[in-house]
Each structure stands twice: as structure tokens, then as C-alpha cells.
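Dear colleague,

Here is the structure I promised to pass on. My notes on it follow below.

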Amino acid sequence: MHAHDQTPAVPDVGNGHDATTTERGSFAVARCVCGWAGPARRSRDRARLDAAGHMAAPPGGRGA
Ligand SMILES: [Zn+2]
């Protein structure tokens, strides 16, 4: 039997997408490592939703 008991320390988040929120003055913007950026939001919660939405369904993915 093989002991494959090694789990990667880095969790698999989507397809290389890692969106975070950045504050721009009084606005918050969601940004991803893939280069995607969401619209400027007045609330950080909104930007977080944008980031979550992008990671859940990133635009420009595989053609339907
Ligand atoms: Zn992305």
C-alpha cells in the first residue's frame, strides 16, 4: 500500500484566482492576481462580494 498522506499547504482556490479587496480612498476595489479588477465600491463588503463572485465564476473562462 502507498502512503499518500501529503496534503499541500496551499488550498486550491479556483483556477489560480486569488481576489482580494483594496481600498482606494473612500472606495474599495476587488482585485485578482489574474489581472481582473472589479468596480469601485463604496463599501468593502460590496467589493468582497465582487471578489467572491469572480473567484466563483471568473469572466473570460473556457468558452461555453
Ligand atoms: Zn481572477
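Which residues of helix 1 are buried? They are Ala47, Asp50, Ala51 and His54. Buried here means that 20 or more other C-beta atoms lie within 10 Å of the residue's own, exposed means 12 or fewer, and partly exposed is in between, with C-beta atoms placed from the backbone.

Please note that this is a predicted model: local features need pLDDT of at least 70, side-chain atom pairs count only at pLDDT 80 or more, and totals for chains, interfaces and linings use all residues. Numbering starts from 1 along each chain as its sequence is written.

The chain has one helix and two strands, in the order β-β-α along the sequence. Helices (H or I, at least four residues) and strands (E, at least two) are DSSP runs, numbered from the N terminus. Of the 64 residues in the chain, 12% are buried.

Back to helix 1. Its buried residues, Ala47, Asp50, Ala51 and His54, cover an arc of only 95 degrees around the axis, so they are on the same side of the helix. The arc is taken over the directions from the helix axis to the C-beta atoms. Asp45 and Ala56, on the other side, are exposed. The cover over the buried residues includes strand 1 (20-24) and strand 2.

The largest nonpolar core consists of five residues: Ala19, Ala28, Ala30, Ala47 and Ala51. Strand 2 (27-31) and helix 1 (44-56) each supply at least two of its residues. Such a core is a set of buried Ala, Val, Leu, Ile, Met, Phe, Trp, Tyr and Cys residues joined through C-beta atoms within 7 Å.

Regards

Terms used. Two residues are in contact if their C-beta atoms, placed from the backbone, lie within 7 Å.
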